[in-house]
Amino acid sequence: MELKARKAFFEKEGYLIVENLFSTEEVERCQAEIHRLHAFAAGHESAAEKTRAEIARRHVQREPFAKDETQGDNLPVLRKAENTRQYSEVFRDLAAHPKLIEVLQELTGSADLLLFRSTLMFKPAFHGSSHGLHQDSAYWPMDPPNLVTVSIALNDATPENGCFKVIPKSHLWGMQSWGHIAREQDAELTHRKDVEAQQMDVPLSAGSALFFHSLMVHGSGPNTTANPRNTALYAYFSPQVRYTPKDGKPAEKAFPVVAGLGGKTELTLVAQTDDRSQH
Ligand SMILES: O=C(O)CCC(=O)C(=O)O
């Protein structure tokens, strides 16, 4: 699909699949780094890696439904790792990869792009649990709610190992309420009987990417197979989006710049005003 056709599809459906965006070598580099991060979570690192391993340990979350189990070779069962760009060069570079930026600039219509989130979502063999259906913008202090997320498949993702599920055109529904995102293996993905039947599986081959609007309803089922389903997930926004924190969250926040903005490395957004300053 041409870039312009991709944008039209995204605006109509709320999502876009780009197949084989990354090469096998690029995916293997990410897989090796994921293995490294799991080793860090287990406390295994060289002296030279100590600082980044300590930061990584503060950002990984264990799978809440896996109790004390481990994966093979005694690695912990992790659900996700947040803020990967703080301790992983591999995932910092991936966030600003020119192949991603080209699509994101087209979808957002902005040459300037900031990074809201850099996460790894893990679904280890047999242990990966469900993510209930939800809209990301219902949880994010950003207005207008039109961020773009990309989920890059780092293994083949299928309905059996917990690939994404989306509801096409649901980004046009406005903000709604969804309940808990973390759900046990056999839990239903939503209590909302009115939307249940509209879910569509999005299988992806490793290296392919799903882009979606932050109001699009999505989730994922459990991993019931012996094959892991790991993804790199990034959310981006243009400087037109304001930071609108509530409930005692910091009044200003620095966001990494991944494209444009005169080559600045970050931009600090000040809460609920148009006053933006750089530090
Ligand atoms: O990767 C997944 O399985 C779901 C992630 C998700 O829904 C999210 O982080 O908003």
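Student: By class, how many nonpolar, polar and charged residues does the shell around the ligand have?

Tutor: Please keep in mind that this is a predicted model. By class, the shell around the ligand comprises 2 nonpolar, 6 polar and 1 charged residues. The residues that surround the ligand are Met121, His131, Asp136, Ser151, His218, Gly219, Ser220, Thr231 and Leu233.

Student: Let us turn to the chain as a whole. How many helices and strands does the chain have?

Tutor: There are 6 helices and 17 strands in the chain. Along the principal axes, its C-alpha atoms fill a box of roughly 50 × 50 × 40 Å. The radius of gyration is 18 Å, which agrees with a compact globule, because a globule of 279 residues would have a value near 19 Å.

Student: What describes two packed helices?

Tutor: Two packed helices are described by the angle between their axes and by the distance between those axes. In this structure, helix H2 (residues 24-41) packs with helix H3 (residues 50-59) at an angle of about 85°, and their axes are 9 Å apart. H2 is therefore roughly perpendicular to H3, since an angle of 65 to 115 degrees counts as such.

Student: Which residues in H2 and H3 meet?

Tutor: From H2 come Leu37, Phe40 and Ala41, and these meet Ala53, Ala56 and Arg57 in H3. The residues of this contact divide into 5 nonpolar, no polar and 1 charged.

Student: For strands, what is the general idea about side chains?

Tutor: In a regular strand, side chains alternate between the two faces of the sheet. As a case of paired strands here, E15 (residues 252-259) and E16 (residues 266-270) run antiparallel and are joined by 5 bridges. Ala254 has Thr268 in E16 as its bridge partner. The two strands, E15 and E16, form a hairpin with 6 residues between them, and Gly260 in the turn has a positive phi of about 70°.

Student: Which residue has a positive phi although it is not a glycine?

Tutor: That residue is Asn83, with a phi of about 50°. Asn83 is found in the loop between strand E3 (78-81) and helix H4 (89-95).

Student: Where is a peptide bond cis, with omega near 0°?

Tutor: The bond from Asp143 to Pro144 is cis. Pro144 lies in the loop between strand E6 (142-143) and strand E7 (148-153).

Technical notes: Residues numbered from 1 in each chain as written. Predicted model: local features only at pLDDT ≥ 70, side-chain atom pairs only at ≥ 80, totals over all residues. Axes fitted to C-alpha atoms, helices over the stretch in contact; angles between N-to-C directions. Helix = DSSP H or I, 4+ residues; strand = E, 2+ residues; numbered from the N terminus. Parallel < 35°, antiparallel > 145°, perpendicular 65-115°, else oblique. Contact = placed C-beta atoms within 7 Å. Nonpolar A, V, L, I, M, F, W, Y, C, P; charged D, E, K, R; others polar. Near = placed C-beta within 6 Å. Pairing = 2+ DSSP bridges. Rg over C-alpha atoms; globule rule 2.2 N^0.38 Å.
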